[in-house]
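Opening the notebook on a new model today.

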Amino acid sequence: MGLAGDSPYDFGEIKPDDLDKSISKFQNILSNCIKDLETDGEEIINLVKTLVLTQTPGERTTEFIEGYLKKISNLSNTESLNVSRVLSHLLNLINVAEQHHLVRSVRESFLNNEDDLKYSCENTIQQLLNQGLDKDSIYQALLQQKIELVLTAHPTQIMRRTIISKNSAMGEALSLLDNTQLTVFEREDYEKKLIREVGGSWLTDEVRRSKVTVEMEAQGGFSVIEQTLWHALPKFIKILNRCCVKYLGKELPSNFVNIHVASWVGGDRDGNNNVTAEVTRQVSYFSRWIAATLYYKEIDALLFELSMVRQNKALEELARRSIEKRSGTVKLRYLTTLYKEFKEGIPNKECYRIVMAELRDKMLLTKRKYEDLIAGKSDIQYLPGETFENADEILQVLQTCYDSLVEVGAKEVADGRLLDNIRRLKSFGLTLSKMDIRQESTRHSDVINCVTEYLGLGTYNDWDEQKKQSFLIGELESKRPLIPNDLPCSQEVREVLDTFKVAASLPDGSLGAYVISMCKAPSDILAVHLLQKAVGNKNPQRVVPLFETAADLDSSPKTMEELFLQQWYLKTINGEQEIMLGYSDSAKDSGRFMSCWELFKAQERLSALTEKFNIKLTLFHGRGGTAARGGGNSHEGIMSQPGGSLKSASTRVTIQGEMIDSHYGQIGASIRNFELFTTALLKQSLTPPEPPKQRWREIMEQLSITSCKKYRSVVRDNPSFIKYFRTSTVQPEMAYLNIGSRPAKRIAANNFGIEHLRAIPWVFSHSQSRLNLSVWLGIEDAILEANSKGWESDLNEMYREWPFFSTTIDLVEMVLLKSDPQISSHYNQMLVPTEIQPLGIEMINELTKATNAILNLTKHKTLQQDNKILQHFVSIRRTFMDPINYIQVETLKRLRSTQKSDGTNNDADPILIDTLIITFNGISAGMKNTG
């Protein structure tokens, strides 16, 4: 790579390291596989070599690009497909190598006795001690932590689950090859495994040919838990425990976990009619079946491991009761299983095995029960006590075994598999992940409206807010039934009622929060409480309002205060309130700066409000993968929140789409991300950042207003923008992608506004064209206006000293690093109607202005100048990603040439459609955070 020129995208010379070696290995393997597996493999590889862009953006002159584009336009459809496949696979392999490289770097830091690894448990605890905090305060803060990662079904992961599984196997093989003690035969075996997986991946159809169902989404989410989180969680708690012993002088309790997992898969029905009440029931059963399968294997292993014959009195009594059950005259089914090793029965002195045998048999029947329920065999009856319904039943037995082993001096034995499973049960429970239900607020209002009209009470939807609240509170306090069994209603109303009935019927602990999207008023929250009561739910879900738009965020404290003044509500929530904040729709509604600022202010005001009412607040952050949807470094994201907003040491955050596999696809990566959350929450709860200066607040308010005005003037007020957006991006062609069960639009019509488009396709489309408009639009005007008012030194101070502001700016800079005005210009020139192209030119000029404004603020010569690792990653990826962008433009041009005026394209070449989908894959792999 040449020296850095004037381009902010040119990083100068980057020295090769172990990452480059891994990538080179993958390149060679893939090339050899293609040559061996394809009859024209040699020609394909040679063609690809002529199209990779090793030149930096600054070296790509107009003359060079003109010659390059001729090569692209001369490709046949088949050649475009082949080149796109190779480059897409390479980017996928690069991501595997990158993830492995990051995990390896963390391991090397520990191997070199480096206690200063950024954001590590060791480094963070040492920092806090050095700041004068006492050991017990740090220890107690850790014990109070509750971090819940909520896996969503948001369709931003366009890679097939099969490919993801192969990626995981490749990462495992790379890790094994790092072992310097391997024999020649072992090394050869792992090298062959790598070749097998790469070759198998090439021979796998990377195009998803059928529409994704909710059940398929569930299988994907659960597989991540089963394959990585299940193993990573106990490993991480042991790392944290070692740090506590080393620096705080005490161990964590045996039942301690701070990481929990929840899921929206099967429960998120906001705008997705595919998520029915029956689907929710089936996914819930499926999660319990997987959990029972995993625990069965673990208990089975413990049965053979715990062969000890020394125990305390408590375990002896537990074993005695178990023996009595087995020898009783009325035997339950779960006590009839025999092992060939224990044909004559387990010896009475082997108490651990006796109680484990009972757990094992009962878990086997639990597994069979959910198999029957999934298969629809409702006629098979299970007696009370035959199966496990909640985790505490098992935890009590495992804890008794643990305490017994410790008491007899076998703590090292107790701290093995037994302790791991105590912590798994505390984290995953018997559901693997508790399911949240999410529904849009007006769907609940429509149910109440149906009831009031049927009962002759009037039209609920026409009432003012105070009348609604009065009615809802009255019904909540009443003992009479509200909803008649024979209520005549629409299919939509019936589906909502059926969902509440299913929720009431599921075993306790199956469900998490009930999230109300587009929540605008106290009555939206009270309505859900009433519907849970109306169906007789004995264990109602906690009700969580989701405030999404800038206006709703601004009014959220008023909404919640009205509720807190209601005695019924205060008594019901019992001193705890969870509130979800929406990052995606607020950014789509008002732009990045206003969204961030409204979220910050809402957190401040909600924290102050709940403290006033002595309520423990848990904020639930609805973040996506991109900066436009609240994405970014999880540690820095938490540290940028207002001081006091995490006083409760409790937080929830969504993990969406491609971020699930990127951050939690490998055990090492999972452990590192657990660590980032833990240390950030620890620092925020003990040493929260100071509130921003009043001067900073005033400037941020003006930045927010100015940026929002510019953003809305383009995306809302410019009559040409919708057509520009739809022609300059892949948004219309996203229909070819089978990436999720949820529709991309909130309405079915083609004539729609940005408000009708979901945030994910909005962001995804802009990331594919490398414009990333949704992240930076408006920010350039805000910064330039601030500078014109003489606030430049204030902005510099804010960037240096205010975590919220610096994190916001750094995330925008990171996205700008992945943008490319030259490529975006090509989309505009080739795809946008001539009369609208001036708008595209204006947007690309705004991108350049935004880049210059951010660089001036950060005092960087190149984008992300201080993040050499990211610059290295991007410099590698764009060599292979940029050609895919140019192929995507040519493919879109060819596809649209056969498209009819009504948008149909029956004459489209299937090869072009496959090529387009593969370019989606490749660019997504190159950008990494696309939705």
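My entries follow.

**Ground rules.** I'm working with a predicted model, where local features need pLDDT of at least 70, side-chain atom pairs count only at pLDDT 80 or more, and totals for chains, interfaces and linings use all residues. Residues are numbered from 1 along each chain as its sequence is written, and side-chain values use heavy atoms, with hydrogens and water left out.

**Confidence.** I checked pLDDT, the predictor's confidence in each residue from 0 to 100. The chain averages 89, with 93% of its residues at 70 or more.

**α11 on α12.** How do helix α11 (residues 313-327) and helix α12 (residues 351-374) pack? I get an angle of about 50° and axes 9 Å apart, with axes as lines fitted to C-alpha atoms over the stretch in contact and angles running from 0 to 180 degrees between N-to-C directions. That makes α11 oblique to α12; under 35 degrees would be roughly parallel, over 145 roughly antiparallel and 65 to 115 roughly perpendicular. On the α11 side I listed contact residues including L315, L318 and I323, and on the α12 side Y352, I354 and V355 are among them.

**R877.** I found R877 in helix α36 (residues 868-896). Buried or exposed? R877 is buried at 3% relative accessible area (buried is under 20%, exposed over 50%, partly exposed in between, with a 1.4 Å probe and protein chains only). Beyond four places in sequence, R877 touches residues including E98, K818 and K928. The C-alpha atoms of R877 and L87 are 9.9 Å apart, although 790 residues separate the two along the chain.

**Positive phi.** I noted two residues other than glycine. N614 has phi near 60°, sits in the loop between α23 (592-612) and β7 (616-622), and is exposed at 68%. Q864 has phi of about 55°, lies in the loop between α35 and α36, and is buried at 9%.

Methods. Helices (H or I, at least four residues) and strands (E, at least two) are DSSP runs, numbered from the N terminus. Contact means heavy atoms within 4.5 Å.
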